[in-house]
Amino acid sequence: MKHPLLIDTETLQHSLGKPGLVVLDVRGKAAYEFGGHIPGAVHSTWHEYSDPNAIPKGLLNPDLAQIERQLRALGISNDSDVVIYSNPFDNWGDEGRMFWMLEYFGHQHLRVLDGGWVKWTAEKRPFEHGRVSPVPGNFKAQPVKALAIAKDELKLIVRGPHPGTTILDARSLEEFLGKEVSGIPRPGHIPSAIHVSWNSFLNKDATVKDLAAIKASLEDKGIQDHQDLVCYCTGGVRSAWLYFILKLAGYPKITNYPGSWWEWSRDFACPVEKDAQGLQKILGFDQAARPS
């Protein structure tokens, strides 16, 4: 049985055109305009809501009035039924980022299309080209501060014992262990973080895996319901998808760190750990160094 925060392709197709429904395509602009999109879908990407004055790309624009103007232009009101979709195999969890962002700004009627554009096209469902110009909405932002954590707050948690808080790194294992990445000052991970790769939760048809199995795999990593869970990645996008998955799995206390590694690695007062030996092992360097 699927979660109420997911909507299947059949249900969405039968719902198209209903009053109050906003279908939000978060793929790239070219894919939306020229590759086809779900009939009536509007387009927006997470980049449009980033702080224009911040170097870390994942930080949200603090200008709430601007955020409201952007969301209203998409036809979104507080009581809109918003369905978010992307191509789950061709992004970084962008639908999760949009879900988290809208939830952070106080929207309470959000769902993600299970299987996204992958399943929609595989089933040969209707599509159209070009941009859609909706009737403007009247969305009023009411930020839910508990859904985001700032660098300085997370720094205080990391510096002391934090048995009630678990930090989850949604990046690749190579990044977690300390692989050098262009544009990132320091490789590694936040001390005590548990690695939970963001891209391990989908079936071959791009639908979300069985939630009981997901919950069991998370519990195997020591992630428990009573904990405060803090998700991060490079820019708060993959971690927002992990946030969404954790929400589906029933975890009640989840926070996303939008600044993530783009911000953390630039502050040399923020502690960093890496595992050079573990990185060499998964990259095969230890095997190459051994005599035959």
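**Group meeting: a walk through the model**

Hi everyone, let me start at Ser 260, which lies in helix H10, residues 260-264; helices here are DSSP runs of H or I with at least four residues, strands are runs of E with at least two, and both are numbered from the N terminus. Before going on, please keep in mind that this is a predicted model: local features need pLDDT of at least 70, side-chain atom pairs count only at pLDDT 80 or more, and totals for chains, interfaces and linings use all residues. Residues are numbered from 1 along each chain as its sequence is written, and side-chain values use heavy atoms, with hydrogens and water left out.

Back to Ser 260. It is not a glycine, yet its phi is positive, about 45°. Is Ser 260 buried or exposed? It counts as buried, because its relative accessibility is 0%; the cut-offs are under 20% relative accessible area for buried, over 50% for exposed and in between for partly exposed, with a 1.4 Å probe and protein chains only.

Ser 192 also has a positive phi without being a glycine, about 80° here. You will find Ser 192 in the loop between helix H7 (173-177) and strand E7 (194-195). At 40% relative accessibility, Ser 192 counts as partly exposed.

Now to the sheet. This is an open sheet of five strands in the order E1-E5-E4-E2-E3, with parallel pairing. At the edges are strand E1 (6-7) and strand E3 (42-43), each of which pairs on one side only. Two strands pair if DSSP finds at least two bridges between them. As a reminder, strands of a sheet pair through backbone hydrogen bonds, either parallel or antiparallel.

Let's stay with strand E2, residues 21-25, which pairs with E3 in the parallel sense over two bridges. Leu 24 stands opposite Val 42 in E3, and the bridge partner of Asp 25 in E3 is His 43. Five bridges join E2 to strand E4 (residues 81-85), again running parallel, and in E4 the partner of Leu 21 is Asp 81.

Why is E2 largely enclosed by the rest of the structure? Because five of its five residues are buried. In a regular strand the side chains alternate between the two faces of the sheet. Here both faces of E2 are covered, with Leu 21, Val 23 and Asp 25 buried on one side and Val 22 and Leu 24 buried on the other.

On to the rings. The whole structure has nine aromatic pairs, meaning rings of Phe, Tyr and Trp (its six-membered ring) with centres within 6.5 Å, where planes under 30 degrees apart count as stacked, over 60 as edge-to-face and the rest as tilted. One of them is Tyr 104 with Phe 105, edge-to-face at 5.2 Å centre to centre and 70° between the planes. Tyr 104 counts as buried at 13% relative accessibility, and so does Phe 105 at 1%. Ring pairs also link Tyr 85, Trp 117 and Phe 127 into a cluster.

The charged end of Arg 171 sits over the ring of Trp 261, 4.7 Å from its centre, and that of Arg 125 sits over the ring of Trp 120, 6.0 Å from its centre. For this, NZ of Lys or CZ of Arg must be within 6 Å of the ring centre and within 35 degrees of the ring normal.
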